[in-house]
Amino acid sequence: MDIRIYVGNLNKSTTEEEIKTLFAQAGTVTSVELVMDKGSGLSKGFAFVAMPNQAEADKAISMFNAYSLAGNTLKVNVAKPKVG
């Protein structure tokens, strides 16, 4: 089962492809889900990255938590399980 990683404080202009390219430096990226506002169609400033194993997820978290991307300092940690 993939490990889901929360990536917060993204610049509104950051794309899924940019996130995937960044996190690929830490290992295999299974998927990137950039959360969009349904009304405006703009990014809400956070995303979820899925990686296939804990070691790669831990590496990505340690590499990119507090990392500066497009002028914003990222907040990266293990995603909490979906509720409801």
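Two strands count as paired if DSSP finds at least two bridges between them; helices (H or I, at least four residues) and strands (E, at least two) are DSSP runs, numbered from the N terminus. By that criterion, strand 1 and strand 3 pair in the antiparallel sense over 6 bridges. The model is predicted, so local features need pLDDT of at least 70 and side-chain atom pairs count only at pLDDT 80 or more, while totals for chains, interfaces and linings use all residues. Residues are numbered from 1 along each chain as its sequence is written, and side-chain values use heavy atoms, with hydrogens and water left out.

- An open sheet is formed by 4 strands in the order 2-3-1-6, with antiparallel pairing.
- Strand 2 (31-36) and strand 6 (75-78) are the edge strands; each has a single partner strand, so one side of each has no neighbour in the sheet.
- On average, neighbouring strands of this sheet are turned by 20° against each other, direction ignored; axes are lines fitted to C-alpha atoms, for helices over the stretch in contact, and angles run from 0 to 180 degrees between N-to-C directions.
- Strand 1 (residues 3-8) is joined to strand 6 by 4 bridges, and the two run antiparallel.
- Across that pairing, Ile5 stands opposite Val78, and Val7 stands opposite Val76.
- On the strand 3 side, Tyr6 stands opposite Phe48.

**Helices against the sheet**

- Helix 1 (residues 16-23) lies across strand 1, strand 2, strand 3 (43-51) and strand 6, at about 140° to strand 2.
- Glu56, Ala57, Ala60, Ile61 and Phe64 are buried in helix 2, where buried means under 20% relative accessible area, exposed over 50% and partly exposed in between (1.4 Å probe, protein chains only).
- The buried residues of helix 2 pack against strand 1, helix 1, strand 3 and strand 6, with contact meaning heavy atoms within 4.5 Å.
- Ala55 and Ser62 are exposed, on the face of helix 2 turned away from its buried side.

**Glu56**

- Glu56 lies in helix 2 (residues 54-64).
- Glu56 is buried yet has no salt bridge (a side-chain nitrogen of Lys or Arg within 4 Å of a carboxyl oxygen of Asp or Glu).
- The nearest side chain of opposite charge to Glu56 is Lys59, 7.9 Å away; Lys and Arg count as positive and Asp and Glu as negative, while His and the chain ends are not counted.
- Not counting residues up to four places away in sequence, Glu56 touches Ala26, Gly27, Thr28 and Met51.
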